[in-house]
Amino acid sequence: YSVIGRVLPVTMERIGQLYGVATFQKQVRKILADELLLMFKAFPALIIDHVSDITEYTGSLRNMMDGKEHYFVHIIWIIGEYAASHYDERCSTEILVKYHESLECVAYELSMVLQSSSAAKQGGANMTRLMSVLMTALAKVASRCQDLIPRVLLCLTKIVKQHAESQVDRASRQVMLSRASELVNILKMPSLAATILSAMSEDFATARKQSLEGDREIALLLQTATSLVQQIGRA
């Protein structure tokens, strides 16, 4: 564990400093991104012991540019998955708040970037994918610290309003807005939110391959939660 703990911050630093050959950079970054998932799966305590390194890394969208997209998205997913007391009892409210603040800043920054027509055209697919993972991670963190739910609801609501007519292609925008709306409805049921969102903890390596079966299961789960909220509202 101590060796892995020393390797993690080094990989975050060096992933943007690879030898300048495009094919080499692409292959190494893919390996590092995939190994990152395995590291945290084997040692979830890394999310607690390296909170400063992780929040510093995720605090800037520059770390997802220039071919580093997959690594950055994996870090965001890891926060949503492993920042939880059932993985490590040291995961306190203070730590959850730190991760929330980092994710929230990135979400607002990314939302602004996506409103730019040039950015939306150049990296729209990667950015909307990141936004979907970001929103889910925010919702998961909030479900474990209910004092954060109002702030996350506000954040998700703003994202929906900002991108109702954004420059992102229609299909990607619809996926992003649907995910935001469904997460809002889940968080409106605080007593059930953690359970529902935990069920969305599919293996990200598999999810990255866009398994249709997995996508349908998540969609069904979210639609069920949305339906429950609507029924409660009419009662």
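Two residues are in contact when heavy atoms of the two lie within 4.5 Å. Helices (H or I, at least four residues) and strands (E, at least two) are DSSP runs, numbered from the N terminus. This is a predicted model, in which local features need pLDDT of at least 70 and side-chain atom pairs count only at pLDDT 80 or more, while totals for chains, interfaces and linings use all residues. Residues are numbered from 1 along each chain as its sequence is written, and side-chain values use heavy atoms, with hydrogens and water left out.

The chain holds 12 helices and 0 strands. Along the sequence its pattern therefore reads α-α-α-α-α-α-α-α-α-α-α-α. A residue is called buried under 20% relative accessible area, exposed over 50%, and partly exposed in between (1.4 Å probe, protein chains only). By that rule, 46% of the 235 residues of the chain count as buried. Among contacts in the chain with a separation of 6 or more, 73% come from residues 24 or more positions apart.

Angles under 35 degrees count as roughly parallel, over 145 as roughly antiparallel, 65 to 115 as roughly perpendicular and the rest as oblique. On the H9 side Leu183, Ile186 and Leu187 take part, and they meet Pro190, Ala193, Ile196 and Leu197 of H10.

Alanine 193 belongs to helix H10. It counts as buried because its relative accessibility is 0%. When its neighbours within four places in sequence are left aside, alanine 193 is in contact with Ser143, Ile186 and Leu187. Between alanine 193 and lysine 140 there are 8.1 Å in space, C-alpha to C-alpha, although they are 53 residues apart in sequence.

A salt bridge is a side-chain nitrogen of Lys or Arg within 4 Å of a carboxyl oxygen of Asp or Glu. The whole structure has 6 salt bridges. In one of them, lysine 140 meets glutamate 81 at 3.8 Å, N to O. This pair links distant parts of the chain, since glutamate 81 is in helix H5 (residues 69-82) and lysine 140 in helix H7 (residues 117-144), 59 residues apart. Both glutamate 81 and lysine 140 are buried.

H5 itself is largely enclosed by the rest of the structure, because 13 of its 14 residues are buried. The expected span of a helix is 1.5 Å times one less than its number of residues. For the 14 residues of H5 this gives 20 Å, which agrees with the 20 Å between its end C-alpha atoms.

Another salt bridge joins arginine 90 and aspartate 88, at 2.9 Å from N to O. A network of salt bridges links Asp49, Asp88 and Arg90.

Arginine 151 lies in helix H8 (residues 149-162) and glutamate 104 in helix H6 (residues 93-114), so the bridge ties together parts 47 residues apart in sequence. Arginine 151 is partly exposed at 37% relative accessible area, and glutamate 104 is buried at 10%.

H6 and H8 pack at an angle of about 10°, with their axes 11 Å apart. This makes H6 roughly parallel to H8. H6 contributes His100, Glu104, Ala107, Tyr108 and Ser111 to the contact, and H8 contributes Arg151, Val152, Leu154, Cys155, Lys158, Ile159 and Gln162.

H8 has 14 residues and reaches 20 Å from its first C-alpha to its last, close to the 20 Å expected. In H8 the residues Ile149, Val152, Cys155, Leu156 and Ile159 are buried. They lie on the same side of H8, because they cover an arc of only 125° around the axis, the arc being that of the directions from the helix axis to the C-beta atoms. An α-helix has 3.6 residues a turn, so residues three or four places apart point the same way. Pro150 and Lys161, on the other side of H8, are exposed.

How values were computed:
Axes are lines fitted to C-alpha atoms, for helices over the stretch in contact, and angles run from 0 to 180 degrees between N-to-C directions.
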